[in-house]
Amino acid sequence: MKHIGIIGVGEYLPEKRLTNADLEKTIDTSDEWITTRTGIKERRLAAKAEAVSDLGYKAALEAIKSAKLKPQDIELIITATITPDMSFPSTACFIQSNLGAKQAVAFDISAACSGFIYGLVLAQQFLARGVYKNALVIGAEKLSAVTDWNDRNTCVLFGDGAGAAVLAPVSSGGILSSYLGSDGSYTDLLMLPGGGSRNPASSHTIEKRMHYMKMQGNELFKLAVNLMSHAAEVAIERAGLKPQDISLLVPHQANTRIIMAVAKKLHFPADKIFINIQKYGNMSSASAATALCEAVKEGRVKKGDIILLDAFGAGLTWGACVIKW
Ligand code: COA
């Protein structure tokens, strides 16, 4: 089996910032509550005319450039998103068209906040078997479009953005191991009930605000800590490593308290954890993708380092991936 590594990363964050102080003006909340409970200080909001493929396209362009490739070279495009431009065609096809990546096979996957890691593992399977020469994996979300801005339990948590990575065979290192999990018995903990085939859009679904996400935060918190810790442990073990061999934990950014609880279970010191939630909130599939991109840009990831990506999301889904840079 070939070694498959990440040869380029990119991100795009919309310009508009929504601070905790801005939210204090519209709902019954406080900067103090949001900061201490979540670590979030502000989040980005896409413009009205910006769809998820527009965000993903810009992140993809940066990733392709940093991989020293051209869009026409890309052979596989996987977009992880739960806020696609439309139910169909896929957001990946819109991005393919914008890129002019005519030879690429393009499709979406839906694994919520674990989507970027699911996408990396899926791409690795194709590349390791030589089916394609390279792959572009994008995590992109416009969660502001499905957020109930009157619901303080959810609206303080989420934001918009996109991150991307280009994968290709590398001479050594690359993805050392991975672990993915799902448990559909928890579908009710985080969902967007309206607009699909279960509850097609109607005046009833609009009246009941079913086109906004519904979340049971407390339940999710406990599951997130346990399942992210478990995913990390399994992936590290599958790589034949110990937690102390990991140079940097790059986790899904749902809540600083969740990240720190996972780090505590794994005995990771604070300087081995990458956190950017204060700037962006939870961007679902885009969180781990932009965190990886920013960790690289900030020089926190050097050649030979061993990175642990770790995520958890609606479904439930979870996953972790150990990568030697
Ligand atoms: N501002 C002020 N108060 C708020 C608030 C807000 N934005 N949101 C909720 N509260 C209130 C609640 O109404 C509750 O008040 P009550 O005690 O009078 O009923 C109180 O704060 C405590 O709520 P609770 O839900 O116990 O807080 P918490 O410490 O569990 O934190 C979350 C809430 C949502 C931040 C936390 O549970 C969490 O992060 N869960 C995981 C969510 C997640 O990651 N989802 C995505 C998965 S990828």
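User: Lys133 and Glu75 are joined by a salt bridge, and their closest N and O atoms are 3.4 Å apart. What makes a pair count as a salt bridge?

Analyst: Side chains of opposite charge can pair when their charged atoms come close. The rule here asks for a side-chain nitrogen of Lys or Arg within 4 Å of a carboxyl oxygen of Asp or Glu. Before we go on, this is a predicted model, where local features need pLDDT of at least 70 and side-chain atom pairs count only at pLDDT 80 or more, while totals for chains, interfaces and linings use all residues. Residues are numbered from 1 along each chain as its sequence is written, and side-chain values use heavy atoms, leaving out hydrogens and water.

User: Is Glu75 buried or exposed?

Analyst: Buried means under 20% relative accessible area, exposed over 50%, and partly exposed in between (1.4 Å probe, protein chains only). Glu75 is buried because its relative accessible area is 12%. Lys133 has 59%, so Lys133 is exposed.

User: How many salt bridges are there?

Analyst: The rule gives ten. Among them is Lys25 with Asp22, at 3.8 Å from N to O. Lys25 is exposed because its relative accessible area is 68%, while Asp22 has 26%, so Asp22 is partly exposed. Another one joins Lys222 to Glu219, with their closest N and O atoms 3.9 Å apart. Those two both lie in helix H8, three residues apart, which is about one turn of the helix. Salt bridges that share partners also tie Glu11, Glu62 and Lys297 into one network.

User: Now the ligand. Which residues are closest to it?

Analyst: A residue is near a molecule if one of its heavy atoms lies within 4 Å of it. Here 23 residues surround the ligand, the closest being Thr29, Arg37, Gly217, Asn218 and Asn255. Helix H8 (217–238) is one of the elements that supply at least two shell residues each, and H8 gives the largest share, four residues. The shell divides into ten nonpolar, nine polar and four charged residues. Ala, Val, Leu, Ile, Met, Phe, Trp, Tyr, Cys and Pro count as nonpolar, Asp, Glu, Lys and Arg as charged, and the others, Gly among them, as polar.

User: Last one: what does Arg209 contact?

Analyst: Contact means heavy atoms within 4.5 Å. Apart from neighbours within four places in sequence, Arg209 touches Asp148, Asn150 and Lys214. Arg209 lies in the loop between helix H7 (203–207) and strand S10 (214–215), and counts as partly exposed because its relative accessibility is 32%.
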